[in-house]
Amino acid sequence: MDSEQLAEKILGHMATAVMLFDTSMRLVYINLAGEIMLARSARHACGRTVYELVVNAEEMVEQLANAITTKQVISQRACHLELPDMQSLRVNCTFTPMFGDDGVDGILIEIRQIDRQLRIEQEEMLISQQQATRALVRGLAHEIKNPLGGLRGAAQLLEGEIHDASLKEYTRIIIGEADRLQQLMDRMLGPSKLPKIQAVNIHQVLERVEELVMVEVGDGLKFSHDYDPSLPDLQADPDLLVQALLNITRNASQAMEGKGEITLRTRIQRNFTIGPQKHRLVARVEVIDNGPGIDEELRRKIFYPMVTSRSEGTGLGLSIAQALVSRHQGLIECSSQPGNTVFTILLPLDTSNES
């Protein structure tokens with residue numbers, strides 16, 4: 001491998017977006033991280049001016065001009081980058097003048113997303129909280145189920161010794177409540193069987209979930225789709241994915257009282273980090289509703305067991321959904337404001353990952 005190929009390989013594997021502009025503010029080179037950030041291939045991006053690539057280009061043009069004029073490296077922290085697809089990023093930028101025989105002949109820009117780093121830290125905290133919660137629930141369930149079994153057995157023996165029908169009603173209540181608590185513990189623990197991993201088309205899973213929700217709520221709810229047809233199959237348990245997505249979609253329907261619109265969206269993400277692991281390919285599945293939104297205080301705790309805003313709810317649906325997705329090395333995130341609540345399910349598409 002010659003030095004030029006090695007340099008290209010190194011730039012291609014960098015997490016920092018690297019772009020080279022000439023003195024007329026036209027893009028000459030962009031690495032893979034830059035392509036992902038701009039959502040444009042190098043073929044479509046190179047040759048375009050800053051104004052064609054960035055919405056709020058004035059600030060970037062000013063810094064490019066300053067770097068050319070002063071011939072000094074310029075750093076800018078926590079600036080906002082507005083892209084044509086309405087995406088807003090918070091980034092740190094470094095503008096480095098590149099010198100040729102006749103002075104500065106280009107400006108190298110290094111752009112690092114700081115909001116992505118914050119997201120990774122939040123995900124790691126969410127995963128840690130989920131693991132701690134699962135351990136606590138398992139320990140609690142174990143401590144409850146043992147005496148619960150003894151209580152139920154004793155009630156059955158007592159019922160056999162009692163001949164008065166009116167007194168037997170009390171033992172039946174004890175047995176019924178013991179069974180109800182047993183079922184609650186089982187639901188909190190989630191499925192105990194190992195996932196049956198196979199090739200799964202996520203769009204078929206979403207269509208199945210839509211059918212199930214529509215049967216429950218009727219015609220008051222509208223579904224729309226924004227699918228990426230290039231999304232490859234997942235290696236997953238289809239039943240567990242249906243259950244996880246059903247819990248999320250059912251929650252959205254209940255929040256809107258069965259009247260509103262739910263959008264199911266899929267996208268593919270490249271070189272994406274989930275928690276501490278970097279994956280080459282990740283499926284991004286979004287369940288979006290136009291309901292009233294989730295209160296910020298509740299949103300922070302929404303994946304904990306027994307947390308709910310509905311008086312008739314158990315608060316287990318989202319906790320179980322997070323547990324099911326985590327069994328596929330994935331994660332569920334939530335963002336919410338009135339009229340736009342988004343649950344994002346991130347699922348690795350590759351079987352191997354990078355640290």
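Analyst: **The largest nonpolar core**

Leu245, Phe343 and Ile345 touch the most other members of the largest nonpolar core, a set of 40 residues. A core here is a group of buried Ala, Val, Leu, Ile, Met, Phe, Trp, Tyr and Cys residues joined through side-chain atoms within 4.5 Å, where buried means under 20% relative accessible area, exposed over 50% and partly exposed in between, with a 1.4 Å probe and protein chains only. Helix 9 gives this core its largest share, eight residues. Before going on, please bear in mind that the model is predicted, with local features needing pLDDT of at least 70, side-chain atom pairs counting only at pLDDT 80 or more, and totals for chains, interfaces and linings using all residues. Residues are numbered from 1 along each chain as its sequence is written, and side-chain values use heavy atoms, leaving out hydrogens and water.

Let's zoom in on Phe343. Leaving aside residues up to four places away in sequence, its contacts (heavy atoms within 4.5 Å) include Ile248, Val285, Ile302, Leu318 and Ile332, and also Glu286 and Glu333.

Now for the surrounding sheet. Five strands make an open sheet of mixed pairing, ordered 7-9-10-12-11. Helices (H or I, at least four residues) and strands (E, at least two) are DSSP runs numbered from the N terminus, and two strands pair if DSSP finds at least two bridges between them. Strand 7 (221-226) and strand 11 (331-337) are the edges, each pairing on one side only. On average, neighbouring strands of the sheet are turned by 20° against each other, direction ignored; axes are lines fitted to C-alpha atoms, for helices over the stretch in contact, and angles run from 0 to 180 degrees between N-to-C directions.

Strand 9 (residues 260-274) and strand 10 (residues 277-289) run antiparallel and are joined by twelve bridges.

Finally, a second, separate core of 29 residues includes Met19, Ala45, Ala57 and Leu64. Gln63 sits in helix 5 (residues 57-70) and counts as buried because its relative accessibility is 13%.
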